[in-house]
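Please look over the model below before reading the notes. A short briefing on selected features follows it.

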Amino acid sequence: MSCGPRRDGGCLAQIKETRGIAQVSNQKTGSITTAEPTIEKETRSEEELDLPWQVVVHNDPVNLMSYVTMVFQRVFGYPRERAERHMLEVHHNGRSILWSGMREPAELYVQQLHGYLLLATLEKPG
Amino acid sequence: MEICRRKGAIEISELDPFLAELLRQIPASANPGGAPAAEQRLFSSPTNGKETELRAEWKMYVEPELRRLFQSATETVAGDLEQLNGNEKTFENRTLRIPAKHSDAWLSALNQARLVIAVKNNFTENELNDHFRSPIGSRRDLSLFQVNFYGFLQEFILRELED
């Protein structure tokens, strides 16, 4: 979906380093100088890395129950019983957490759900 | 009106002019044009409001894709509905064949239309569950009948997909 950094690291300490050594030659003197390596650091708080993203589906009085069940089966590959359980949870409680985990797959799930016109959001718990 | 599966297609036969007209209205009804609330429902927010960066990226990258997806579905349906065009005198008892491979496009277009009509009319959950209301009373009642009729078609297509 998007470019830019993701916050879906699986380890607690996440430091991304890019080391690039640039060599510049001087034709007059025949010498070669080596530039300092550049280091990019990207840090995330422990809390940010610990909490998984949740794919939440919200109630909508227009979408048919059978349609919502089919969408859950298709998008998440859930068996019919599990898909129906989630559909009923959405219907009775107003929302259901369909999946939780890393951000990138969660975004893709939300995108697919929107493609089926369900009200779905990507949320951090708490 | 009769609806059945025949030779790899869903066949809607003995269509009276009223229901045929409702079917022909699907692509137009699915268009949220001029109703910001309907537009907002078709392209709802992917977050609960806290992730502004994600919302901005979504608007830029995902919404155009969704727009294309929805438009492609309504175009497929509009193509199938051309079977209903023609001389009004011979319009009665027409048959509409929906190829099985178009089922997903129909489900999407019917859903778009139902959502847009429901938002534009501000239907309540109680109204949407009242399947026995007469379509004759008012423009609003007719729209509710339209939502329910499209829902009936969706149910039939879903059952066919299950088999």
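The points below cover a sheet, a helix and a chain contact in this predicted model. In chain A, 3 strands make an open antiparallel sheet. In chain B, helix α7 has 24 residues. Chains A and B touch through 18 residues from chain A and 23 residues from chain B.

**Sheet of chain A**
- The strand order in chain A is β4-β3-β5, and the pairing is antiparallel.
- β4 (95-101) and β5 (119-123) of chain A are edge strands with a single partner each, so one side of each has no neighbour in the sheet.
- From one strand to the next, the twist averages 25°.
- β3 (residues 53-58) of chain A pairs with β4(A) over 6 bridges, and Val56(A) sits opposite Ile97(A) in β4(A).
- Helix α3 (residues 80-93) of chain A lies across β3 and β4 of chain A and runs at about 130° to β4(A).

**Helix α7 of chain B**
- α7 (residues 139-162) of chain B reaches 35 Å from its first C-alpha to its last, close to the 34 Å expected at 1.5 Å a residue.
- Buried residues in α7(B) include Leu144(B), Val147(B), Tyr150(B), Leu153(B) and Ile157(B).
- The buried residues of α7(B) pack against α2 (65-76) of chain A.
- Within chain B, their packing partners include β2 (9-15), α1 (17-24) and α5 (103-121).

- On the side of chain A that touches chain B, the elements giving two or more residues are α2, α4 (103-115) and β5 of chain A.
- The residues on that side of chain A divide into 10 nonpolar, 7 polar and 1 charged.

Methods
Residues are numbered from 1 along each chain as its sequence is written. Chains are lettered from A and ligands numbered from 1 in the order in which they are written. This is a predicted model: local features need pLDDT of at least 70, side-chain atom pairs count only at pLDDT 80 or more; totals for chains, interfaces and linings use all residues. Helices (H or I, at least four residues) and strands (E, at least two) are DSSP runs, numbered from the N terminus. The expected span of a helix is 1.5 Å times one less than its number of residues. A residue is buried if 20 or more other C-beta atoms lie within 10 Å of its own, exposed if 12 or fewer, and partly exposed in between; C-beta atoms are placed from the backbone. Two residues are in contact if their C-beta atoms, placed from the backbone, lie within 7 Å. Two strands pair if DSSP finds at least two bridges between them. Axes are lines fitted to C-alpha atoms, for helices over the stretch in contact, and angles run from 0 to 180 degrees between N-to-C directions. Ala, Val, Leu, Ile, Met, Phe, Trp, Tyr, Cys and Pro count as nonpolar, Asp, Glu, Lys and Arg as charged, and the others, Gly among them, as polar.
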